[in-house]
Amino acid sequence: MSRTVLITGASSGIGEAMAHAFAKNGDKVVLTGRRLERLEAVKTDLEAKYQVSVYDYPLDVTKKEMVETVCQTILSEVGPIDILVNNAGLALGLDKFQDYAVEDMLTMLDTNIKGLLLVTRQILPQMVERNSGHIINIGSTAGIYAYAGAAVYSATKAAVKVLSDGIRIDTIDKDIKVTTLQPGIVETPFSQIRFHGNKERAEQVYKGVEALQAEDIADVALYVANQPRRVQISDITIMANQQATGFTIHREV
Ligand code: NDP
Ligand code: 8X3
């Protein structure tokens, strides 16, 4: 049966790949993100490839009023959301905590934690009311293993895991699943964003290692979403073959 899947951060990387995976599966997808032109391009691509309805709504998850308005508009224009994928997120910088740009720290908190909880707060009540739904939150191996220069990013992803656990407890008497998906190193525009557009530095992150691809994470998200009613995958960690912890990576140079 076709479901309606709302994805935050669907304009790029893992979110875009998940939009393809769900659309290919026959699900309706609702794409959100800040860059409307990117959302439109993804929508056009999906509509050309798959026979499904695709919607797009510009949304900055850090803006409280915008989150409220856009989520309520989606619920009234598209209808109930069966699967919410909280994927929008970012790392900014890779510096010692004592040297960190404060603005970058706050943007990570606002996007990765505040954004996730604001969107979920808007979408979850209709799942509770309908006694049906699945929330898939994108954490990271960074939330399990802290690493140098990433104290705040790691803390935000640890918070994603704990928020997921708390929401699972609060909805335990409802037919609602909550999953934390924790990817390791995935080759996406993530590192370019982290290094404020420095392409050369971003390329170094993936040098000598066969990094995960966005499609690998999308496959896992679809697997998690396609389990029978009795199965709830609470947490799932996906590492690259040459990765042992967040930053313990064997590189062939
Ligand atoms: P990308 O940079 O390709 O994608 C990030 C997405 O988040 C974009 O679609 C971006 O859209 C969106 N986004 C960022 N800020 C906001 C905001 N304020 N409001 C709404 N959307 C926003 O990176 P990835 O695909 O790699 O990252 C996706 C998720 O996966 C993130 O949560 C990241 O932390 C996590 N992750 C990534 C890993 C990796 O190695 N790449 C590993 C583990 C987890 P737009 O700019 O249009 O708003
Ligand atoms: C993003 C991947 O390796 O920077 O979560 O933690 S990493």
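Leaving aside neighbours within four places in sequence, K157 is in contact with N112, I138, G139, S140, A142 and G143; contact means heavy atoms within 4.5 Å. The model is predicted, so local features need pLDDT of at least 70 and side-chain atom pairs count only at pLDDT 80 or more, while totals for chains, interfaces and linings use all residues. Residues are numbered from 1 along each chain as its sequence is written, chains are lettered from A and ligands numbered from 1 in the order in which they are written, and side-chain values use heavy atoms, with hydrogens and water left out.

K157 sits in helix α5, residues 151–170. Helices are DSSP runs of H or I with at least four residues, strands are runs of E with at least two, and both are numbered from the N terminus. K157 is buried and has no salt bridge. Buried denotes under 20% relative accessible area, exposed over 50%, and partly exposed the range in between (1.4 Å probe, protein chains only). A salt bridge requires a side-chain nitrogen of Lys or Arg within 4 Å of a carboxyl oxygen of Asp or Glu. The nearest side chain of opposite charge belongs to D235, 13 Å away. Lys and Arg count as positive, Asp and Glu as negative; His and the chain ends are not counted.

S140, a contact of K157, also belongs to the surroundings of ligand 2. A residue is near a molecule if one of its heavy atoms lies within 4 Å of it. Oxygen atoms of ligand 2 lie 2.5 Å from a side-chain N or O atom of S140, 2.5 Å from a polar side-chain atom of Y147 and 2.6 Å from one of Y153. The protein covers 89% of the 240 Å² of accessible area that ligand 2 has on its own. Areas follow the Shrake-Rupley method with a 1.4 Å probe; for residues, only the protein chains shown count as cover.

Ligand 1 has 30 residues around it. S11, S12, R34, Y153 and T188 come nearest. An oxygen atom of ligand 1 lies 2.5 Å from a side-chain N or O atom of S12. For the side chain of Y153, the corresponding distance is 2.7 Å. G184 places a backbone N or O atom 3.4 Å from a ligand 1 oxygen. Of the 880 Å² of accessible area that ligand 1 has on its own, the protein covers 96%.

T245 lies in the segment after β9 (235–238). T245 counts as partly exposed because its relative accessibility is 23%.

Conventions:
A polar contact is a pair of N or O atoms within 3.5 Å; within protein, one must be able to donate a hydrogen and the other to accept it, and residues adjacent in sequence count only if both atoms are side-chain atoms.
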